[in-house]
Amino acid sequence: MKEFLSIKEFSKLADIGQTTLRYWDDIGLFVPAKRDAENNYRYYSWQQLISVKFVTVMSNINVSLKEIGELQGNRHPEGIVSLIEQQEKALDMEMRRLHECYSIVHTRRELINYGSMVLKGFETLNGIKLYKESDGGGAVYVDATKIAIMHENDTPFILGPRNKWKPGEGFCKPFMNFCRHADHLRMNLSFPIGAMHDGWEGFVEAPGEPHYFCSLDPTGNNGRPAGEYLVGFARGYYGEFGDLAERMKAYIKEHDLTVKGPVYSIYLHDEVSANDPSQYLSEVSVAVSK
């Protein structure tokens with residue numbers, strides 16, 4: 001067995017890129033055992049396959065190269081444990097951040113896909129959404145222009161403070177007040193936003209003035225419970241529902257339905273997925289029974 005390894009051989013055995021080894025050599029972090037006097041080629045000893053482990057382990061747990069260099073010549077178990085504990089806390093925070101980021105991505109993907117399905121039109125059977133065309137058999141066709149009874153799944157959210165609407169104030173001030181409470185309520189405003197009216201009459205009277213805004217964070221301790229809901233859709237900016245309240249009211253009367261509980265508005269397509277505010281898409285739902 002030869003005494004020294006070329007950088008190519010060492011790179012392969014240690015599973016470290018040659019570019020990385022050259023950089024570590026240039027900054028004095030991990031230098032080869034010797035250099036060829038004529039061509040300046042780097043050569044590593046077999047023992048260095050073991051000693052490089054400190055650098056790779058520290059690097060893999062996100063310790064900076066500067067810290068690795070400072071520790072390398074004077075490390076001991078107590079110091080390494082202290083450093084690892086710091087990294088453990090930092091990684092725990094990063095995992096929490098990534099988990100929340102994933103939750104935001106998942107929640108938005110679900111709502112955007114549902115909104116796109118509404119715009120294309122879809123069928124329901126006994127209130128259950130069908131994701132492919134049925135063979136008839138009592139299926140009901142639903143799109144953004146239709147009012148329908150559908151089964152809605154449990155939808156958790158974080159409820160904001162009660163809104164205070166002043167005559168002629170508009171949508172923005174109450175919504176900004178909701179945003180100002182984000183830190184206090186531990187809300188991430190990157191989640192989609194929804195709204196809630198205390199009851200049906202409040203919605204009919206002022207559809208664009210919800211009693212609450214909410215963040216559709218799936219860890220929220222409030223939410224829309226699963227059940228049968230009368231559902232309608234509206235295109236337009238936040239709070240712009242057109243004649244949706246009147247159309248839903250007419251449907252309730254025509255089908256002799258009993259309305260119960262709050263009215264929920266969920267913004268399926270918002271400024272994240274639509275450039276034109278007139279193309280935002282909202283779903284409005286209220287629990288009903290025959």
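## A residue to start from

Leaving aside neighbours within four places in sequence, Val-52 is in contact with Phe-10, Ile-16, Trp-24 and Phe-30, where contact means heavy atoms within 4.5 Å. Val-52 sits in helix α3, which covers residues 48-60. Helices here are DSSP runs of H or I with at least four residues, strands are runs of E with at least two, and both are numbered from the N terminus. With 3% relative accessibility, Val-52 counts as buried. That label means under 20% relative accessible area, while exposed means over 50% and partly exposed lies in between, using a 1.4 Å probe and protein chains only.

Before going on, a word about the model: it is predicted, so local features need pLDDT of at least 70 and side-chain atom pairs count only at pLDDT 80 or more, while totals for chains, interfaces and linings use all residues. Residues are numbered from 1 along each chain as its sequence is written, and side-chain values use heavy atoms, with hydrogens and water left out.

## The whole chain

Now let's step back. The protein chain has 9 helices and 14 strands. Its C-alpha atoms fill a box of roughly 95 × 50 × 35 Å along the principal axes. The radius of gyration is 30 Å, whereas a compact globule of 290 residues would have one near 19 Å; the radius is taken over C-alpha atoms, and the globule rule is 2.2 Å times the number of residues to the power 0.38.

Of the 290 residues, 41% count as buried. Among contacts with a separation of 6 or more, 66% are between residues 24 or more positions apart. The accessible surface comes to about 17100 Å², and 52% of that belongs to carbon and sulfur atoms; the areas come from the Shrake-Rupley method with a 1.4 Å probe, and for residues only the protein chains shown count as cover.

As for charge, the chain carries 32 positive and 39 negative side chains, with the centres of the two sets 3 Å apart. Lys and Arg count as positive, Asp and Glu as negative, and His and the chain ends are not counted. Each charge is placed at NZ of Lys, CZ of Arg, CG of Asp or CD of Glu.

## A three-stranded sheet

Three strands make an open sheet in the order β1-β3-β2, with antiparallel pairing. Strands β1 (4-6) and β2 (34-35) stand at the edges with a single partner strand each, so one side of each has no neighbour in the sheet. Two strands pair if DSSP finds at least two bridges between them, and β2 is joined to β3 (residues 42-45) by 2 bridges. Across that pairing, Arg-35 stands opposite Arg-42 in β3.

Tyr-41 belongs to the loop between β2 and β3. Not counting residues up to four places away in sequence, Tyr-41 touches Lys-34, Arg-35 and Asp-36. Ser-6 is 35 residues from Tyr-41 along the chain, yet their C-alpha atoms are separated by 7.9 Å.

Strand β12 (residues 227-235) runs antiparallel to β14 and is joined to it by 7 bridges; here Tyr-229 stands opposite Ala-287. Strand β13 (residues 258-269) also pairs with β14 in the antiparallel sense, over 9 bridges. In that pairing, Ile-266 has Glu-283 as its bridge partner in β14.

His-211 is in the loop between α8 (200-205) and β10 (212-215). At 18% relative accessibility, His-211 counts as buried. Beyond its neighbours within four places in sequence, His-211 is in contact with Pro-161, Arg-162, Asn-163, Met-196, His-197, Asp-198 and Gly-202.

Next, two residues with a backbone angle to look at. Asp-15 is not a glycine, although its phi is positive at about 60°. Asp-15 lies in the loop between α1 (7-14) and α2 (18-26), and is exposed, with a relative accessible area of 70%. Arg-186, another residue other than glycine, has a positive phi near 55°. Arg-186 is found in the loop between α7 (182-185) and β9 (193-197), and counts as exposed at 74% relative accessibility.
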